[in-house]
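Reader: I have a structure open and would like to learn how to read its features. Please take them one at a time.

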Amino acid sequence: TVICTCLSITDKDIENAFHNGARTWEQLQQATKIGTVCGKCEKKAMELMHEFAHIY
Ligand code: FES
């Protein structure tokens with residue numbers, strides 16, 4: 001599933017970044033460049049991060 005349509009970043013990309021230690025929006029941005037175009041994906045991406053935090 002594509003979460004960031006501007007940069008075609010998927011839920012899998014976010015999961016990988018989470019595995020590599022990204023826990024905040026800033027860290028996720030450093031890892032994937034997500035949200036650096038329109039920023040509309042922030043809410044969805046952070047919801048996903050919270051889900052991963054519960055799973056792992
Ligand atoms: Fe992610 Fe636009 S949807 S920067």
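Author: Start with a definition: a disulfide is a pair of cysteine sulfur atoms within 2.5 Å. Keep in mind that this is a predicted model.

Reader: By this rule, how many disulfides does the count come to?

Author: The count comes to zero disulfides. As for the cysteines, cysteine 6 is partly exposed, at a relative accessible area of 39%. Cysteine 41 counts as buried, with 5% relative accessibility.

Reader: How do I read a helix such as α1, and which of its residues are buried?

Author: The general idea comes first. An α-helix has 3.6 residues a turn, so residues three or four places apart point the same way. In this structure, α1 covers residues 11–19, and its buried residues are Ile14, Glu15, Ala17 and Phe18. Viewed down the axis of α1, these buried residues fall within an arc of 160 degrees, so they line one face of the helix.

Reader: Glutamate 15 is in α1. Is glutamate 15 buried or exposed?

Author: Buried means under 20% relative accessible area. Glutamate 15 has 17%, so glutamate 15 is buried. Leaving aside neighbours within four places in sequence, glutamate 15 is in contact with Phe52 and Tyr56. Glutamate 42, in helix α3, counts as partly exposed at 36% relative accessibility.

Reader: How far apart in space are glutamate 42 and histidine 54?

Author: Their C-alpha atoms are 19 Å apart, and 12 residues separate the two in sequence.

Reader: What should I look for in a nonpolar core?

Author: In soluble globular proteins, nonpolar side chains tend to be buried together. Here the largest nonpolar core has 16 residues, and those with the most contacts inside it are Ile14, Trp25, Leu28, Ile34, Ala45 and Met49. At least two residues of this core come from each of β1, α1, α2 and α3. The helix that gives the most is α3, with five residues.

Reader: Which residues is isoleucine 14 in contact with, leaving aside its neighbours within four places in sequence?

Author: Isoleucine 14 is in contact with Ile3, Ile9, Leu28, Ile34, Ala45, Leu48, Met49 and Phe52.

Reader: Threonine 32 is in helix α2. What does the side chain of threonine 32 reach?

Author: That side chain reaches the backbone oxygen of leucine 28, at 2.8 Å. Threonine 32 counts as buried, with 18% relative accessibility. Not counting residues up to four places away in sequence, threonine 32 touches Ile9, Asp13 and Ala17.

Reader: How is a pair of aromatic rings described?

Author: A pair of aromatic rings is described by the distance of the centres and the angle of the planes. A search of the whole structure finds one such pair. Phenylalanine 18 and phenylalanine 52 form this pair, which is tilted, with 5.8 Å from centre to centre and 50 degrees between the planes.

Reader: Which parts does the pair tie together?

Author: Phenylalanine 18 lies in helix α1 and phenylalanine 52 in helix α3, so the pair ties together parts that are 34 residues apart in sequence. Phenylalanine 18 counts as buried at 5% relative accessibility, and phenylalanine 52 counts as buried at 6%.

Conventions. Residues are numbered from 1 along each chain as its sequence is written. This is a predicted model: local features need pLDDT of at least 70, side-chain atom pairs count only at pLDDT 80 or more; totals for chains, interfaces and linings use all residues. Side-chain values use heavy atoms; hydrogens and water are left out. Buried means under 20% relative accessible area, exposed over 50%, partly exposed in between (1.4 Å probe, protein chains only). Helices (H or I, at least four residues) and strands (E, at least two) are DSSP runs, numbered from the N terminus. The arc is that of the directions from the helix axis to the C-beta atoms. A nonpolar core is a set of buried Ala, Val, Leu, Ile, Met, Phe, Trp, Tyr and Cys residues joined through side-chain atoms within 4.5 Å. Contact means heavy atoms within 4.5 Å. A polar contact is a pair of N or O atoms within 3.5 Å; within protein, one must be able to donate a hydrogen and the other to accept it, and residues adjacent in sequence count only if both atoms are side-chain atoms. Rings of Phe, Tyr and Trp (its six-membered ring) pair if their centres lie within 6.5 Å; planes under 30 degrees apart count as stacked, over 60 as edge-to-face and the rest as tilted.
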